[in-house]
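Subject: Handing over a structure

Hi,

I am passing this structure on to you, and below it you will find my notes on what turned up. Please have a look when you get a moment.

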Amino acid sequence: MDNELNEIKAQSVAWLKNNLNFYRMDSQTIEVETPLIDSFGQNIYCFIIKKGEYYLISDGGWFLFKLDPDMSDSDFYNQAVDIIIGTGFEIDEETGEFFMEVSIDELPLALNQLAQLQVALSFLK
């Protein structure tokens with residue numbers, strides 16, 4: 001047994017547990033504060049919305065707005081949409097919300113992908 005490896009793994013899991021925060025917003029919505037930081041130095045947030053037997057993982061519709069509030073940079077927006085769709089998320093063209101519908105088993109991976117996607121998009125602007 002590799003004690004050093006086990007200790008590093010335990011410390012890493014403990015750090016993530018202490019730095020990944022979940023807040024109940026209402027009976028169907030959970031806000032997730034991740035430890036990831038965007039290009040503005042702000043934490044990345046994701047939202048989990050219960051939809052029947054599935055969950056909608058979303059940026060809440062605010063992330064692209066944060067990067068380009070008046071949506072005047074069409075090159076940025078088009079590039080962002082291509083990246084969002086290319087990573088398996090869908091986008092609501094009217095609101096700018098990007099999302100993915102997943103099962104409870106797929107939640108952790110989808111949250112990780114969404115948070116990383118937001119970090120990547122923030123560095124495009």
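Let me start with pairing: two strands pair if DSSP finds at least two bridges between them. Strands (E, at least two residues) and helices (H or I, at least four) are DSSP runs, numbered from the N terminus. With that in hand, isoleucine 49 stands opposite leucine 56 in β4.

Before going further, some housekeeping. This is a predicted model, where local features need pLDDT of at least 70 and side-chain atom pairs count only at pLDDT 80 or more, while totals for chains, interfaces and linings use all residues. Residues are numbered from 1 along each chain as its sequence is written, and side-chain values use heavy atoms, with hydrogens and water left out.

The overall picture

The protein chain has 4 helices and 6 strands, and from the N terminus on they follow the order α-β-β-β-β-α-α-β-β-α. Its C-alpha trace spans about 55 × 35 × 25 Å along the principal axes. Of the 125 residues, 36% are buried, where buried means under 20% relative accessible area, exposed over 50% and partly exposed in between (1.4 Å probe, protein chains only). On the charge side, there are 7 positive and 22 negative side chains, and the centres of the two sets lie 8 Å apart. Here Lys and Arg count as positive and Asp and Glu as negative, with His and the chain ends not counted; each charge is placed at NZ of Lys, CZ of Arg, CG of Asp or CD of Glu.

The sheet

The 6 strands form an open sheet in the order β1-β2-β3-β4-β6-β5, with antiparallel pairing. β1 (21–24) and β5 (90–91) are the edge strands, each with a single partner, so one side of each has no neighbour in the sheet.

Starting from the β1 end, β1 and β2 (residues 29–37) pair over 4 bridges and form a hairpin with 4 residues between them. Asparagine 21 has glutamate 33 in β2 as its bridge partner, and glutamate 33 in turn is bridged to tyrosine 45 in β3. β2 and β3 are joined by 6 antiparallel bridges; their hairpin has 5 residues between the strands, and glycine 41 takes a positive phi near 80° there.

Next come β3 (residues 43–51) and β4, antiparallel over 5 bridges. Besides the pair I opened with, isoleucine 48 stands opposite isoleucine 57. The hairpin of β3 and β4 has 2 residues between the strands, and in this hairpin glycine 52 has a positive phi near 65°. On to β6 (residues 98–102), which runs antiparallel to β4 with 4 bridges; leucine 56 has glutamate 101 as its bridge partner in β6.

A closer look at serine 58

Which parts of β4 are covered? Of its 5 residues, 4 are buried. Serine 58 belongs to this strand (residues 54–58), and it counts as buried because its relative accessibility is 0%. Its side chain makes a polar contact with the side chain of glutamate 97 at 2.4 Å and also reaches the backbone nitrogen of glycine 60 at 2.7 Å. A polar contact is a pair of N or O atoms within 3.5 Å; within protein, one must be able to donate a hydrogen and the other to accept it, and residues adjacent in sequence count only if both atoms are side-chain atoms. Leaving aside residues up to four places away in sequence, serine 58 touches Cys46, Phe47, Ile49, Glu97, Phe98, Phe99 and Leu114, with contact meaning heavy atoms within 4.5 Å.

Best wishes
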